[in-house]
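Please keep the 3D view open as you go.

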Amino acid sequence: MYLTRFRLNTARSGARKLLASPQAMHAAVMSSFPTLLPSDTSGPRVLWRVDRTSRAEVFLYIVSPPEPDLTHLVEQAGWSTQPEWQTHDYAPFLSRLARGDVWAFRLTANPVHSIRRKPGEPTKLTAHVTPRHQMGWLLSRQDAAGFRVVEKPVEQRRLPQGDEYELVVHNRQNRAFTKKTSKDGLVSLVTATFDGRLEVTDPDALRRTLTTGLGRAKAYGCGLMTLAPADSDR
Amino acid sequence: MSVLALLLAGPLQAWGASARFARRTTEHAPTKSGVLGLLAAAQGRERTDDLSDLAALRFGVRIDQRGTRIRDYQTAKHLDTGRSMPVSERFYLADAVFVAAVEGDDTLVNDLHRAVRNPVYLPYLGRRSCPPARPLDLGIHDGRTLEQVLKEEKWHAAGWYQRRLRDQPEVTLGLLIDAFPGDPGADSLRDLPLSFDPLHRRYALRGVRSDTVSVPNPCARRTTPPDHDPISALGGE
């Protein structure tokens, strides 16, 4: 597995086109793998995520089984004199994960659940919209995904309810775009970015989460979770 | 001892302590005489009735939402004679929210609580033209002091006001509490009612100690997302 980071040059129209459309970004990311054919859906998949720290600091992260070649992305949306992307071997890090480790994590996901509004109606996939429900969605998946979100000490909680975990939800977005192959031509997507601290409970399951993703809409930049060193003072 | 807490919120409020004649000013927080008048009216006392038991209650108020002071230039004609009444200036607090509390003997406080829930004369916030916009009653707190109740009560400011301060996870609110005798840091205010008799109103001086208290802001924005650099986790590979 490889973890790749690419900085997008937001002054270029190509980068804006990619950032405006998850479909275009997906196509650009998938074109980075010469050995991966679009018809091949059986193997482990490619995950990607866009992190926007500020207007001019936008990173594309890719986790993939083969090593990507981002030359076409550099031509469209990078810097021509500094064709830079960094690909790192992810396997040593993944093999180092151990039970009880504490890491800071970031995950952009598509939190949804299936509901039926009245008895007898077929269930309908429905997005979680509020931060509380979106947090609940992540917390309900954490055990199967091999981690636990760290709980806050009682004296640091600012609210009687909803502030129990070291977890923030930000950059909540509601996007809609057209797609020819979908039934009514329209795809609507609710995304949320989770930032927090986790404790590893099951290293194997967490490895699976980090390489195969969490939740739906993985083609549209959702489901990729990354870990970073956790500050001990926070 | 028990404590009765009241929520004083309305589009307009007016709490005069030294207001006389044609210029009717307002303090920036509810006065003891105003709140005791509200309680006495809720119990159905007449203006000439004795109110020494009410005046003996300890009183405190918390400023949940400051409001803005507005001035009204008022002209009026006498309904019967048609003569012009004296032109007056009236000051109000617009959009303010306060939590007031009285502490005292259990039976009296319970009686006041019943009266607030079922008042004989309708309550108003300092001036007859200022009706409350929300229910007054915040309940009785047994076995707790006035200070504890005012510090532990949740923040009652309007939603738009809480969201305006969303950058502050804790907000600092002003407290004005009856001073103990001999407190050197207290202000004095002619605000302790001795008689509400319209022919012979009398007020004594009251010591007021000001303090602050921090309460959580339920609308606070969650902390900004931390920096996240997954490459640094790979350990320099």
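Contact here means heavy atoms within 4.5 Å. The model is a predicted one: local features need pLDDT of at least 70, side-chain atom pairs count only at pLDDT 80 or more, and totals for chains, interfaces and linings use all residues. Residues are numbered from 1 along each chain as its sequence is written, chains are lettered from A in the order in which they are written, and side-chain values use heavy atoms, with hydrogens and water left out.

**A:Asn9**
- Not counting residues up to four places away in sequence, A:Asn9 is in contact with A:Ala15, A:Ala77, A:Gly78 and A:Trp79.
- The loop that holds A:Asn9 runs between strand E1 (2-8) and helix H1 (13-20) of chain A; helices (H or I, at least four residues) and strands (E, at least two) are DSSP runs, numbered from the N terminus.
- A:Asn9 counts as buried because its relative accessibility is 12%, where buried means under 20% relative accessible area (1.4 Å probe, protein chains only).

**The sheet**
- In chain A, four strands make an open antiparallel sheet, ordered E2-E3-E1-E4; two strands pair if DSSP finds at least two bridges between them.
- Strands E2 (47-54) and E4 (85-89) of chain A are at the edges with a single partner strand each, so one side of each has no neighbour in the sheet.
- Five bridges join E1(A) and E4(A) in the antiparallel sense.
- A:Arg5 has A:Gln86 in E4(A) as its bridge partner.

How values were computed
Buried < 20%, exposed > 50% of the residue type's maximum accessible area, 1.4 Å probe, protein only.
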